[in-house]
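Good morning, and thank you for coming.

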Amino acid sequence: MISLEKLTRKNIWNLAPYSCARNEFSGTTAKVFLDANENPYGGPYNRYPDPLQLKLKSMIEKVKGIPTDYTFLGNGSDEAIDLVYRCFCEPKEDNVVAIEPTYGMYKVCADINDVEYRPVLLDENFQITAKALLSECDSHTKVIWICSPNNPTGNDINREEIVKVLESFDGIVVVDEAYSDFSHKRPLRFELPRYPNLIVLNTLSKAWASAAIRLGMAFASPEIINIFNKVKYPYNVNLLTQEQAMKILSDPYEVDRWIQLITNERSRMIEAFQSLSICEKVYPTDANFFLAKVTNAQSIYEYLVKQGVIVRNRTRVQLCKDCLRITVGNRNENAELLGALRQYK
């Protein structure tokens with residue numbers, strides 16, 4: 001990895017961040033707050049939240065096993081994705097490389113930030129080699145994006161190839177592990193001390209059943225986290241989100257139970273789906289969804305919409321012609337889907 005200073009946009013490296021009122025007295029005891037022009041009535045939501053979410057990060061450390069100074073929290077993982085571009089990629093000059101197909105926000109954020117996006121097609125098994133990714137890199141490539149388990153394909157990306165990328169690429173490697181709770185692979189976040197160029201994304205939206213509160217996590221070296229904290233908006237995670245996140249994190253055993261229910265139902269659902277006349281293939285998955293090739297994805301999707309059942313039509317995505325991406329729901333929801341498809345003609 002080249003120096004973080006060289007990787008970071010010059011204006012960002014030299015940025016003097018906004019100083020939050022609540023940062024200036026950090027480490028001291030205070031009981032009268034007359035510094036931030038808040039309304040003294042209507043507590044507790046009359047006060048600005050902790051800009052660094054330290055209490056919440058402490059809970060995340062216990063659950064995820066990552067120290068607080070390696071942790072950034074944002075308004076969904078999308079905030080962290082956008083920050084990668086804003087911190088490290090010079091518009092109209094730098095580029096990023098990503099597997100294809102994958103989560104669409106990597107490209108959307110590249111387009112928003114005017115950064116060239118270079119997709120590299122997966123093979124017929126939805127896998128990639130380090131050689132293929134690195135061959136698309138040049139002196140202006142700042143970031144490589146890898147989603148594992150991948151979306152929409154569902155499979156874990158070969159760990160050995162990810163490690164080769166980490167050890168060969170001089171820039172930032174982002175591994176999005178949004179669905180890692182449903183996989184049996186050891187999460188890469190535990191390897192952070194070995195790879196200073198690694199950023200691992202996580203979320204509470206999937207296994208933790210908290211999509212509505214919009215809490216995303218980025219785990220990286222303290223130096224990268226400090227750069228993110230310089231650029232993020234001062235109070236980017238509101239108090240309501242922090243409170244609900246701490247509530248759900250307080251019962252990880254219930255989340256483990258949900259994961260077991262979903263993975264068990266995943267196996268049952270895939271077996272049932274494969275028996276349908278419309279099904280041509282169900283691809284291997286390590287996530288809480290599966291990708292299925294069907295006889296006519298557009299027609300089947302439109303039929304399901306009329307039945308009040310919504311899945312994701314991925315037929316226009318590269319390598320996914322006539323494929324539907326189907327989330328594993330509860331048993332009743334899955335029965336509704338299967339029942340509707342058995343009536344499809």
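Let me begin at Pro149, which is found in the loop between S4 and H7. Please bear in mind throughout that this is a predicted model. A cis peptide bond joins Pro149 to Ser148, with omega at about -5 degrees. That loop also contains Pro152. The peptide bond leading from Asn151 into Pro152 is cis as well, and its omega is near 25 degrees.

Ser148 sits in the loop between strand S4, residues 141-147, and helix H7, residues 159-168. Is Ser148 buried or exposed? Its relative accessible area is 8%, and Ser148 is therefore buried. A polar atom of the Ser148 side chain lies 2.9 Å from the backbone nitrogen of Ile157. Setting aside neighbours within four places in sequence, Ser148 is in contact with Asp156, Ile157, Ile162, Asp176 and Glu177.

I turn now to the sheets. Strands of a sheet pair through backbone hydrogen bonds, either parallel or antiparallel. S4 belongs to an open sheet of 7 strands, whose order is S1-S7-S6-S5-S4-S2-S3 and whose pairing is mixed. Which strands form the edges? They are strand S1, 71-75, and strand S3, 116-121, each of which pairs on one side only. From one strand to the next, the twist averages 25 degrees. Within this sheet, strand S2, residues 95-100, pairs with S4 in the parallel sense over 4 bridges.

Helix H3, residues 54-64, lies across S1, strand S6 (198-203) and strand S7 (215-219), and runs at about 65 degrees to S7. H4 lies across S1, S2, S3, S4, strand S5 (172-176), S6 and S7, running at about 110 degrees to S1.

The model also has an open sheet of 4 strands, in the order S8-S9-S11-S10, with antiparallel pairing. Here the edge strands are S8, 279-282, and S10, 312-313, each pairing on one side only. S8 and strand S9, residues 289-294, pair in the antiparallel sense over 3 bridges. In that pairing, Lys281 has Lys293 of S9 as its bridge partner.

Next, the packing of helices. Two packed helices are described by the angle between their axes and the distance between the axes. Helix H4, residues 77-88, packs with helix H8, residues 222-231, at an angle of about 95 degrees, and their axes are 10 Å apart. H4 is therefore roughly perpendicular to H8. On the H4 side, the contact is made by Ala80, Leu83, Val84, Arg86, Cys87 and Phe88; on the H8 side, by Ile224, Ile227, Phe228 and Val231. By class, the residues of this contact divide into 9 nonpolar, no polar and 1 charged.

What is the arrangement of H10 and H12? The axes of helix H10, residues 252-274, and helix H12, residues 331-342, come within 11 Å and cross at roughly 5 degrees. The two helices are therefore roughly parallel to each other. H10 contributes Glu265, Arg268, Met269, Ala272 and Phe273 to the contact, while H12 contributes Arg331, Asn334, Leu337, Leu338, Leu341 and Arg342. These residues divide into 6 nonpolar, 1 polar and 4 charged.

Let me follow H8 onward to Asn236, which is placed in the loop between H8 and helix H9, 239-249. With a relative accessible area of 13%, Asn236 is buried. Its side chain makes a polar contact of 3.2 Å with the side chain of Glu79, and a polar contact of 3.2 Å also joins the side chains of Asn236 and Lys232. Not counting residues up to four places away in sequence, Asn236 touches Pro51, Gln53, Phe72, Leu73, Gly74, Asn75 and Glu79.

Gln53 is found in the loop between H2 and H3. Its phi is near 50 degrees, a positive value in a residue other than glycine. At 2% relative accessibility, Gln53 counts as buried. Asn37 lies in the loop between helix H2, 10-13, and H3. Asn37 has a positive phi of about 60 degrees, although it is not a glycine. Is Asn37 buried or exposed? Asn37 counts as exposed, at 78% relative accessibility.

That concludes my presentation. Thank you for your attention.

Notes:
Residues numbered from 1 in each chain as written. Predicted model: local features only at pLDDT ≥ 70, side-chain atom pairs only at ≥ 80, totals over all residues. Heavy atoms only, no water. Pairing = 2+ DSSP bridges. Axes fitted to C-alpha atoms, helices over the stretch in contact; angles between N-to-C directions. Parallel < 35°, antiparallel > 145°, perpendicular 65-115°, else oblique. Contact = heavy atoms within 4.5 Å. Nonpolar A, V, L, I, M, F, W, Y, C, P; charged D, E, K, R; others polar. Buried < 20%, exposed > 50% of the residue type's maximum accessible area, 1.4 Å probe, protein only. Polar contact = N/O pair within 3.5 Å; in protein donor to acceptor, adjacent residues only side chain to side chain.
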